[in-house]
Structure formats: C-alpha cells, structure tokens
Amino acid sequence: MNLSDVEVRSKTKQVIYSIVLIAFSIPVLMAFSVLVLSSFASQMVTNFDFSKVRFTLRNWQLLFQGRIAITGGLRENIFLYMFSTAIVALGVALVTTLVGTLSGYAISRIKFKGRKFLLLMMLMLHALPGSILIVGVYFLYRIWMPTNLNALRYFSFFYVVFARAALEVPLSVWLMKGFFDLLPWEIEWSALIDGASRLKTWAKIMLPLIKPGVVAILIFGFLAGWQDIIYVRTFLIDKTLATFIESNLEAEMAYMPLLAAAATLYLLPTVFFYISSQKLLFKVYAGGIRR
Amino acid sequence: MRKVFLAVLLFAAVALFASLEERIVEVGKTLERNGINEVRYAVWGTGDPNSVLRVLGIVEAARRINDIWSKNKVNVKITIRETRYELDFTQMYQEFLSKQPLGTAGDFLVNSYVYIASLAEEGYLLDLTPYLSRHKDFLEGFFPTLVEVAKYKGKIYGLPQDTEARPFYIRKDIAAKVGLNLEGLDQKVLKGEFTWLDVYSWSKKTVEMKASEWGLIHRRGTAHPDLMQFILAFGGRLDDPVEGKLVFDKEAIYKWLTIEWVFAREKLLPSDMMAWDWAKQVHPAIVDGKTLFDIGGTWYWTEWQTKDYYTDPKTGQMRGLKPEEVEQWFYYTLFPAGEPGKKPVTLSQPFMWMVSSKAGAQNPKYSALKSTYDELAFLIVAKASDPDINAMHSIMSAKLPITKASAALLANKSWLDKLYNLEVDLDAGVKEKIANIVKATVNPINATFLSNVSYMLEYTNFQPAHPMYPKLTAIFAEVVDQVLRGQMDPAKAVDYAISKINADLDLKAAVKIIKDIPKDWRFPAR
C-alpha cells in the first residue's frame, strides 16, 4: 500500500493546516475569552485595553447570592435555576438516548412495511426547526395541561422534556441505526443461540459495542436540553439559566459583568462535555465515514 | 405644626381608605363563608433594580389586608406565592402575553402603561372600572393625567404605580467654566427663551474651549422615549387620538434629525452614540464631566449614586456619587423648546399595577368565586397604592409620586428619617429586602430633587399606547443611528423612514404622514 493513500500529511502541510485552523478559531476563542474575562471584571471587557478594568470575584459572588444588581433587585435563586436547567437537560438526554437506541436497533434489525418511509419522515422532522413546530406543541400543551398549579409545575417539566426530546430523537435514531447496521448479525445470532433473550442480547451484547454512539447521543441530548430557550420559555413555569440571562440581558440598566458570569456558568457544561468527549465523538464521525 | 399636618394627612388617608377597608372585610367574610382560608396570588414586576417595591408593594399590601382581616376576626390569609422581578420590561410583557392564556402568568403585572392597549384588547386584563366607580374618592387621589393613560376604550385597566419626568441635565462645573449662567435658566427654558439653538451654541463653545469632550450625550439603543421629545419640542405630534393613528410629522422629525446630524458632524455628540454601552460609556461620560448637557430621566439621579460609574480622581477607583456631589454638579430643566416660538416638554412613561383577568385562578372554587377573587385582587393593588408605599418607592427609585398624599410624605423630613432607620410599618421580609436601597437613596437631597422636578409633570407628554408604536420607534432608532454616523443626511433619512413604514402594510395602515420637510429652515439659523 502506498503511504500517500492513508491520511498522513507532510509536516509543512500540517503546520499550514494548524495555522489556518487557529486563524479561524481566533474570533470564537476571543469571544469566549472576553466573556470569561468580563465575568471577573468590574466592567465588560470589549477590547484589550485593560487600563480601566479591575479584576474581581464580585460578579460571581453576586451571582451566587442571586442578585441581579449591585444595589436593589430581588434575590434570584440561581441554584434553583441551575437545578431546573439540569432536570430539563438530563430528561432530554435520557429520553433521547432510550428512544434512540431502542428505535435504532429495531429499525436496523427488523424489515417492516413503511420502514423506509418512517426513516424519511424522521429525517424530515429533523430538518424542521423547533420554532415552527411550537404552535402545534403549544396547542397540545393547552389540551393536556392540568388545572392544579402544583401539578402543572411538574407537568411543565415533563412536557418540555418530551417535546424537546422529540426534536432530538430523529437524529439519534438515525445515528444509532447506523451503529447497529455496522454490527454483524452473527454476533447477535450467537447470543440468541446461546439462549439470551432479545432484550438481553441488546443490553449485554450490542449496547457495549455501540458505546461511543450512546454516549454521543446522550451528550447531544443533554446539550440540546441545556441550551434550549424557546420551549423552556414557553412551557416551563420555573426559570432556567437561559431564561434568566435572556430576561435581564436586553435592559439598558442590566449589570453586564454579572450576566457575563451567568453566561460563563451556563457555558461550563458545554465546554466540559465537548472537551471530555472529544475522542469519543471522533469515533462517531470516524464510524460514519467508514460506513 | 408638623405633627398636626401629619395627623391631618393620616386622617385623610384613613378616611380615603375607609370604604376600601369595609370592602376588604366584606370580601374576607365571603371567602370565609365559602370555606376558603388561604388565597394565593403571584406578582410579576419589572424595571430598574431600585424599583423592587413594584412587587414588594403587593407583598406589603397583602400583609396589610391580612392584618385588617385578623383585626376583624376574619380567618383568611393572602399568600403571595411568587414574586418575579426582571430588568427588561419588554421580555416580561411577552412572557405575560404567552403565559396568561395558560393561567401560568402572574396575577399582578407591574409594567409600562403602553402595554395596556394590547393586553386589554386580548382580554388579558381585569377591567378595574366597576371597582373604581365604587371607590371614587380613592380614584380622585391620583393625578388625573396618569389615570387617563390607564384607560383603553373608556375602561380603566391599571392603577398608576409611578411616573417620571425626563430632565435635561446640565453640568454646573462645566457651565461655570464656559460662562453659561444657570441662575434662573429653568425659567428661561420654561418660557421658551432657551432653546436647542442655545444648547447648540453652548455645546460648541464648550468643546472649542475644551471644557469637556462632548457638548451633549443622550440615550443609546432605542430612540424612544427620550429622543421622541425632539418631535414634541418642535411642535410635532406622536399620534392622532381621534383617528386612532400614529403620526409621522415630517417637519418635526426632519428638524430633530438635523440636530443629531449637526451635533455629530461638529463632534459635539458622539457619532456612534446609539451603540454606546449604558454602564461603561454613557453614564461614566456624564458623571466624569465629559459632557455639558445630557438628556436623561429622573432615575439617573439615584442611579449615579447607586452604581459605580464615577472614577474617583484621588483613588482611580470607580464608585457611586455621593448625594452632595450629584446636587453640586447637576442642574436640571425641562427639555428645551426646539426653536424660538415652541414650548419646552418632558415625557413620562407611567408604570401601572395591572391585574390579570385570571387573577386567583389557582385558588379553590375559582369558577364559583371568580368575582370575589377579582375584587380581592383589585383591593390588593388599591392597598399597594397606600401613600407611604408609593412615597417609599418614589425616593428609592427617583420616580415621581402618583398621588398628592405620597408627594406630601416625601416633603416630610421626620418621615424620611424614620424611613432611613426603617422605623416604618412594613413587613419584616420587605424591610430586609429594601434595607440597602433605603440606605443608599433615602436622604433629603434626593427628596428635594423629586419635589423640585414634580412641576415637570404639568408639561409632560405620553407615548401613544398604540400596538404599532414599537415598530415605528425601531425605525426612528435606525435612522438616528444612520444620521449620527453620517450615512444619511436628515432629508434622506426622513424618506428612508417613510419607505420603511410603507414597506410594512400594517404599519402603513397605522401611520398618518403629515406636513413636509421645510425648505427654508436651517440649523443653526444663519
């Protein structure tokens, strides 16, 4: 095999690619740096003139005290907002993963009438943005919502999780179907011949083999729930970090460094997941290419 | 003498609310008879951070009603289950709009009167007219103009909570440097003898003498409501109530844009003004003495004290101004007339206590007792309008009081002292939440300021409560920015604005275009 057939580049090319990539990343990195720096500054950092900027932990202190202003303002329970955000994110992640893996497995293995149509419809659903579906979703919410406020509070979480997860399911099903397609039937047959049930085969034999895919859709689901604003704002009674930031951002009198701290806090899980799962996500993409 | 005055005031307040109190007891008894022992409501409020009494006023009113019930042996209690306070009032309006039909919005909403029209049109607000006609003496306590703007199609949908004026601030130290005599200037402005032609010439002189970096600083981002004062100062109109249409007065708008154009071209006003940061650029420029004139609002007065906008030359650290510094540095008048022969103006945006048409929907037996829950909701906002609650809100937020009784309290030094020491009749939780604002804002200097600017309400104007108004002001904001940056001259900007209006069929139908660009008008006059 000729060495040039595999993806090995010369050192010069690698350096050039790296420089280009870094150049493209600079605006993004600068935007994030400015945000993070502002969260530790007495005023928003909008350029690299630090002469008037005083670095402080006060914004973070104010944020965790739930204060949206230096003086005045009502205390906000930022921990409760984080908790609400986490419930939605974890809920969406779990529903997406469960439905995605089970459906992906079924669609991959069972040839049934309308299978192709179902897959195409799912792809179409994924192509539609969540915002245009919201009218119908709102209508259904109004039909099903309980009248008791306490029940409604729990229902709103339940509804947001399922409505938001529904938007993520098509992609996860497609992704998981691809993974199951890659696994040879023989592995499954031998498990079934050895006496394992369908469910046991799926759980004990198949699932460990498609771990990167499961983790990927879990992360995508979590991030989709964590970042959602439209569904959360429309249906959820409680606030999340996203709605908290949004509701105070546009006001002229907003204390922006504090909102920068809130935005940095909001950004942390996304950064954490992308960094920690980078290798795993590469496997997913590599799998896609190979197939 | 002061004690007698206070006693009379107290008696008047008691007499005023006597009938309200009777209704409170009646409503409580009705609830008790129906087996209700707890009534729950939620309140949503919005605005600057010092205006927390917009929601805590409801909490306090509930406590006062609970006390009345307890005194009359009525075994019912109001619990305010949720208080939400946000800075951005458009966001809260939109959230109310989407959640009210679901029954998950607040039972009370404190927001700008401009939203009354659209919310009432949708049927989302409780009509307060029947209750207010029963308590005419209570309604008469409010300044009548403020009640007028709470009306939509002849019905009253809100109770005034506060209002403000938009003074034209002048830096006293810079004025002294350039020889601008401030003695009696407010009277000259009032008579139309000091106009925008004078603002221009003094700005020019100031910048030329390098007494300050800028001649004028105004608000950023949106053109409304501050900059709309230009239209009024040039004798223009914002709406035509008879036809129910918004008005685009080409002449007044052209003159306004010409001022922006001339000031920016001569570097008396920053050409990127509309993009300036509120906390990092606008206010520091004003408090650090980088401008002679500033178009602002009454709330600036305490905002400068409670936010760290000022860079102390001794320490190099940013801090809030002391009340004495604000008093020493800032002079205030009405917004001057556009040109000789025109009148000075100011503009107010009253905030309202609004009651959701679904108020109390989360309580037991709601369908059977809807009228009782509605009336109780009205009584709560009526109690939240107690003179002392309103006066506290006024001084804490530098907004103007909405009744004569609250204005009188603000002028009372011993009451202010008690408030400063929090020796007032208030819920313990509310006291704790307002303690730091009280310490930062309650002082005789601020009270005097509020008293001094109250006369401006006689010259005030209100923005049209028209659903299309925000769209029109967005166009104004865009053209002001273009004019300031020199990308369009005033005449072209007027044409551009008209083309934008015509491009939106709804807006086109809602706007009446009047007058023409004056051909022989020059600014400055040569």
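In chain B, 5 strands make an open sheet of mixed pairing, ordered β2-β1-β3-β16-β6. Strands here are DSSP E runs of at least two residues and helices are H or I runs of at least four, numbered from the N terminus; two strands pair if DSSP finds at least two bridges between them. Please keep in mind that this is a predicted model, in which local features need pLDDT of at least 70 and side-chain atom pairs count only at pLDDT 80 or more, while totals for chains, interfaces and linings use all residues. Residues are numbered from 1 along each chain as its sequence is written, chains are lettered from A and ligands numbered from 1 in the order in which they are written, and side-chain values use heavy atoms, leaving out hydrogens and water.

- β3 (residues 108-112) and β16 (residues 351-355) of chain B are antiparallel partners over 5 bridges, and F108(B) has V355(B) as its bridge partner in β16(B).
- Helix α16 (residues 366-384) of chain B packs on this sheet, touching β1 (38-46), β2, β3, β6 and β16 of chain B, at about 50 degrees to the direction of β1(B); contact means heavy atoms within 4.5 Å.
- K365(B), in the loop between β16 and α16 of chain B, is not a glycine, yet has a positive phi of about 55 degrees.

**The three-stranded sheet**

- Another open sheet of chain B has 3 strands in the order β9-β10-β18, again with mixed pairing.
- β9 (239-240) and β18 of chain B are its edge strands, each with a single partner, so each has one side without a neighbour in the sheet.
- β9(B) pairs with β10 (residues 245-249) of chain B in the antiparallel sense over 2 bridges, with K245(B) in β10(B) as the bridge partner of D240(B).
- Helix α12 (residues 250-265) of chain B lies across β10 and β18 of chain B at about 55 degrees to β10(B), and helix α23 (residues 490-503) of chain B also touches β10 and β18, at about 155 degrees to β10(B).
- In the segment after β18 (511-514) of chain B sits P524(B), and the peptide bond from F523(B) to P524(B) is cis, with omega near -5 degrees.

**Chain B against chain A**

- 40 residues of chain B touch 37 residues of chain A.
- The chains bury about 3,500 Å² between them, 53% of it from carbon and sulfur atoms (accessible area, 1.4 Å probe, lost by two parts on being put together, summed over both).
- L87(B), L102(B) and K280(B) supply 20% of the area that chain B buries against chain A, more than any other three residues.

**Salt bridges**

- The rule (a side-chain nitrogen of Lys or Arg within 4 Å of a carboxyl oxygen of Asp or Glu) gives 50 salt bridges over all chains.
- Across the interface of chain B and chain A there are 2, including D308(B) with R58(A) at 3.8 Å, N to O.
- E95(B) and K99(B) form a salt bridge at 3.1 Å, N to O; both lie in helix α3 of chain B, 4 residues apart, about one turn of the helix.

Note on methods: Axes are lines fitted to C-alpha atoms, for helices over the stretch in contact, and angles run from 0 to 180 degrees between N-to-C directions.
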